[in-house]
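Thanks for coming. I have one structure to go through, so let me put the sequence and the model up.

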Amino acid sequence: MILNTELEYKGNLFPSKIVFYKKNVDTLYFKTENNVTLQVTVERDSVLRFRFATSSIFENDFSYGITMYASKGYNKLEIEEDKNNYIITTSKLICHISKLDLRTAIFDAKDKTLICEDELGFHWEESYEFGGDIVKMSKTSLEGESYFGLGDKPVDINLKGKRFENWATDSYAYVRGADPIYKAIPFYLGLHHKKAYGIFFDNTFRSYFDFCHEKRNVTSFWADGGEMNYYFIYGPEMSEVVSNYTDLTGRPHHIPPLWALGFHQCKWSYYPEAKVKEVANKFRELKIPCDAIYLDIDYMEGFRCFTWNKEYFPDPKRMVKELADEGFKTIAIIDPGIKIDNEYSVYKEALEKDYFCKRADGPYMKGKVWPGECYFPDFTKPEVRDWWADLFKELIEDIGVKGVWNDMNEPAVMDVPGKTFPNDVRHDYDGNPCSHRKAHNIYGMQMARATYHGLKKFSYPKRPFVITRSAYSGTQRYTSTWTGDNVATWDHLALANIQVQRMCMSGFSFAGSDIGGFAEQPNGELFTRWVQLGVFHPFFRVHSSGDHGDQEPWAFGPTMTDIVRKFIEIRYQLLPYLYTAFWRYTEDGIPILKSLVLFDQHDQHTNYRNDEFIFGEKILVCPILEQNAKGRRMYFPIGKWYNFWDNSIVIGGEEKWVDADIDSMPIFIKAGAIIPKYPIQQYVGEKIIEQLELDVYFKEGKEVSEVFEDAQDGFDYKKGRYSLRNFNLVGKSNSLTILQFKSGKFITTYETFKINIHSLPFKIKSIEVDNEEIDIKMLNGNITFVITKEFRELHIIG
Ligand code: MIG
């Protein structure tokens, strides 16, 4: 719809020359002869906001995407003008605004290179059908430019050459390339000449992105209504762009409880109670670690939210308690559709209080979902969200459910062509009344937000845990997510890998896929390969529709069971490592998974890689995505890597073959890394951690690692009750030194570290801990010894 032919140009309107300019602290206003106003706000030195009004009147400035905690402030703001341009300069950026037509060009303030430039720039078309404008923006695609981000799109990591749409859509058994699917995340990154920037188009209408698809050298984005309102975010590092984007749209309000990073088992559906218990018991019997078990829609009475089918679950509180005694947290699904039923209290109350969405002409929005005909709460109204949050009291506080799963919140409606509400449905939009055209993409987000607040209230002093299917930018503040109804195929395994990486790059790291595939059934090999990938996904859950057979870890015979157990055990050992990465992500917005391009954008080989990624800061992973594979070729980023299985060394910067039969997968550790490990537990909290293992991988040079720990739940860490250990490693040809810096008031349960040194290149003469020599014993060429957790300096001398 960005229209470039002469004929298509006809409907497009363009700003004319600037006739007026005004500056108000951090915001500049430019008005054109034909009454277009551009408002540029300097949010930060590297973040500029551009907003256009086509007839000088801006809408009320309200956004669900931007967090109230977004930081503001810059070191420098200067504005000058020359013959052709107004020129805004911050310490990071120089932005030219053309006096002739409002077109912009943005340069790096340091080396003056061009980062992003308008092609046609802002233009619009009047929307005769709905009123308002179809707002459009086009940018020149610079030489060698690549594009990334955009949420859950099931296509290659690099988006160049493709066009996308954002309109949250229930997409059962979607295929590669399907678009749009469940989420609407209108944020992308551009990368050229090794420099990256991002654009967040904060417009909730149906929006479109074209990355050199229609025209080779043009990237454009537009929306069916609302304002052209976008943030330009400069890096130049991709990780800085994502970090700045999450500064704007928010980071999780807190780290998840540690158990939520454990393994979750789900199915549509486990019922009755005896079946739930049978599955749970089998985990313990087979010694396969598991922390959470899910109740899908069949636990409810006729699919009525906040009810229980008492035939299947006669005493939910007792059951939940008995599961909890075995270390299982119960997670229950809650959908948005409320059954029309005069005997049903939730329905009656919402009706009485006028909380349901209505059609433009007055009747309620009626739609069929699992319970039959339903009405739907308007989660865009604060009062409705508060009411919804309070509905969780019984489920959480009384019954003891630990997490809630929000599904069907695109919102999905059955048996209608658009699979959702009609456009005319009205929403409050927090006091900015609008139609579904504007509210559709944030409906799921606001439901998840209300659910989150309910759980937060009733789980206190523990941390809430929520999962959502639909999301808009910013939803990462409240909840985790999964990639929806995938299929048990090898291609979907590849897609799961890409989608979760892309979610991380799009600011939403707490993501995973339905391991094994939701629709259809995997064979044991596919299931096992999928679990292997899932170990390295922030959200780690097996789920399936159940129509096609079982998908528990033991469903594919004893060999596969053993391999799956071994991999889930690795996840449990790596919990302190993942928890640290999660904490980093909530602090700085650094993605928990780093696609190779994000890990090293300076190495052009990474620009088109899909499969390999970095888990946390130090672990390189590459899933096996083909049947009968005994290994695969993969690209190693520049640097030195240790094979996790045998400590063999790989020098990066090229593609190499890696052996990985079904009981293995390519896992590599960055040289110099210190990886913290817990003992294997059947569930988080099963054991008191009596010792922290530190796997040290020698490097000649320097490397910093960190370990974050706390009570594993609750909010005390926000008051300083955490333990953060910084390890500075310095390796030389004949020595290895590790300095520890500790901060925070939390006292860990263990007193000692078990240090495992991998591949030391020299023979040890002595080991000193804080200047005192200790005894050493050698194991398998590796060196293992125990030292106090309080050590400040460890010195290994060769
Ligand atoms: O129309 O609750 O994506 O995970 O098991 C299907 C039943 C509704 C779709 C979800 C899936 C869930 C299923 N739900």
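An oxygen atom of the ligand sits 3.0 Å from an N or O atom in the side chain of Trp370. Keep in mind that this is a predicted model, and that goes for every value I quote.

Staying with the ligand, what else contacts it through side-chain N or O atoms? Asp296 has a side-chain N or O atom 2.5 Å from an oxygen atom of the ligand. Asp407 has one 2.6 Å from a nitrogen atom of the ligand. On its own the ligand has 350 Å² of accessible area, and the protein covers 94% of that.

How many residues surround the ligand? There are 13, and the closest are Asp296, Asp407, Arg469, Asp485 and His543. By class, the shell around the ligand has eight nonpolar residues, one polar residue and four charged residues.

Next, the helix pairs. In general, a pair of packed helices is described by two things, the angle between the axes and the distance between them.

Take helix 3, residues 273–285, and helix 4, residues 316–325: their axes come within 11 Å and cross at roughly 5 degrees. Because of that angle, helix 3 counts as roughly parallel to helix 4. On the helix 3 side, the residues in contact are Glu273, Val276, Lys277 and Ala280, and they meet Arg318, Met319, Glu322 and Leu323 of helix 4. The contact of helix 3 with helix 4 has four nonpolar residues, four charged residues and no polar ones.

The other pair is helix 9, residues 490–505, and helix 10, residues 524–534. Here the axes come within 10 Å and cross at roughly 5 degrees, which means helix 9 is roughly parallel to helix 10. Helix 9 contributes Trp490, His492, Leu493, Ala496 and Asn497, while helix 10 contributes Glu525, Leu526, Arg529, Trp530 and Leu533. Sorted by class, the contact of helix 9 with helix 10 has six nonpolar, two polar and two charged residues.

Last, some backbone details. Where are the cis peptide bonds I want to show? One joins Gly235 and Pro236, with omega about 5 degrees. Pro236 is in the loop that runs between strand 18, residues 228–234, and helix 2, residues 238–249.

Another cis peptide bond joins Trp268 and Ser269, and its omega is about -10 degrees. Ser269 is in the loop between strand 19, residues 264–265, and helix 3.

Leu102 is in the loop between strand 7, residues 93–98, and strand 8, residues 104–108.

That is what I have; questions are welcome.

Conventions:
Residues numbered from 1 in each chain as written. Predicted model: local features only at pLDDT ≥ 70, side-chain atom pairs only at ≥ 80, totals over all residues. Heavy atoms only, no water. Axes fitted to C-alpha atoms, helices over the stretch in contact; angles between N-to-C directions. Helix = DSSP H or I, 4+ residues; strand = E, 2+ residues; numbered from the N terminus. Parallel < 35°, antiparallel > 145°, perpendicular 65-115°, else oblique. Contact = heavy atoms within 4.5 Å. Nonpolar A, V, L, I, M, F, W, Y, C, P; charged D, E, K, R; others polar. Near = heavy atom within 4 Å. Polar contact = N/O pair within 3.5 Å; in protein donor to acceptor, adjacent residues only side chain to side chain. Areas by Shrake-Rupley, 256 points an atom, 1.4 Å probe, with all protein chains shown as cover.
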